[in-house]
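Biologist: Thanks for sitting down with me over this one. Could you take me through it, a question at a time?

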Amino acid sequence: MDRYQFLITLAVLAFATGLLGVVIRRNLLVVVMCVEVMLNSVVLAFVTFAARSQTLHGVAMTFFVYVAAACEIAVAMAIIVLLVKRRGSLDLAAGYELEG
């Protein structure tokens with residue numbers, strides 16, 4: 001197995017681990033961290049494909065993924081702070097009551 005196949009396999013395993021954490025876990029903070037693991041595995045795949053094809057397209061996509069991840073974290077942290085402030089819990093079921 002060459003290094004590119006190893007890196008793609010690692011990216012797929014990291015993405016699957018993050019997806020499993022999103023599906024199974026009930027804590028909102030852990031779910032957000034699992035989404036970040038999924039985004040980082042996508043970045044690893046982009047960089048691997050860019051290195052394999054000797055182009056900068058994957059590196060450019062990496063920049064956009066990190067910008068989207070930063071925006072996602074800013075919104076998620078605001079929601080988490082609001083949830084803890086109003087309900088005193090990070091359980092996902094408590095978030096369903098936040099309306100308005």
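Biologist: Which residues are buried in α3?

Modeller: This is a predicted model, where local features need pLDDT of at least 70, side-chain atom pairs count only at pLDDT 80 or more, and totals for chains, interfaces and linings use all residues. Residues are numbered from 1 along each chain as its sequence is written, and side-chain values use heavy atoms, with hydrogens and water left out. Buried means under 20% relative accessible area, exposed over 50% and partly exposed in between, with a 1.4 Å probe and protein chains only; helices are DSSP runs (H or I, at least four residues) and strands likewise (E, at least two), numbered from the N terminus. For α3, that gives Gly 58, Thr 62, Val 65, Ala 69, Ala 76, Ile 80 and Leu 83.

Biologist: How far does α3 reach from its first C-alpha to its last?

Modeller: The expected span of a helix is 1.5 Å times one less than its number of residues. With 31 residues, α3 is expected to span 45 Å, and its reach is close to that, at 44 Å.

Biologist: Is Arg 86 buried or exposed?

Modeller: Arg 86 lies in helix α3, and its C-alpha is 36 Å from that of Thr 62, 24 residues away in sequence. Because its relative accessible area is 53%, Arg 86 is exposed.

Biologist: How do α2 and α3 run relative to each other, roughly parallel or roughly antiparallel?

Modeller: Helix α2 covers residues 28-53 and helix α3 residues 57-87, and they pack with axes 9 Å apart at an angle of about 175 degrees. Axes here are lines fitted to C-alpha atoms, for helices over the stretch in contact, and angles run from 0 to 180 degrees between N-to-C directions. Angles under 35 degrees count as roughly parallel, over 145 as roughly antiparallel, 65 to 115 as roughly perpendicular and the rest as oblique, so α2 and α3 are roughly antiparallel.

Biologist: How many nonpolar residues does the contact of α2 with α3 have?

Modeller: Ala, Val, Leu, Ile, Met, Phe, Trp, Tyr, Cys and Pro count as nonpolar, Asp, Glu, Lys and Arg as charged, and the others, Gly among them, as polar. The contact has 3 polar and 2 charged residues, and its nonpolar residues number 20.

Biologist: Which residue caps the N-terminal end of α2?

Modeller: Look for a polar contact, a pair of N or O atoms within 3.5 Å; within protein, one must be able to donate a hydrogen and the other to accept it, and residues adjacent in sequence count only if both atoms are side-chain atoms. A side-chain oxygen lies 3.1 Å from the backbone nitrogen of Leu 29, and the residue it belongs to is Asn 27.

Biologist: Which backbone oxygen lies 2.7 Å from a polar side-chain atom of Thr 48?

Modeller: Thr 48 is in helix α2 and counts as buried because its relative accessibility is 3%. The oxygen facing its side chain belongs to Leu 44.

Biologist: What is the phi of Gln 54?

Modeller: Gln 54 is in the loop between α2 and α3, and with a relative accessible area of 68% it is exposed. Its phi is positive, in a residue other than glycine, and is near 60 degrees.

Biologist: How many disulfides are there?

Modeller: A disulfide is a pair of cysteine sulfur atoms within 2.5 Å. Cys 34 is buried at 13% relative accessibility, while Cys 71 is partly exposed at 46%. By the distance rule, the count of disulfides is 0.
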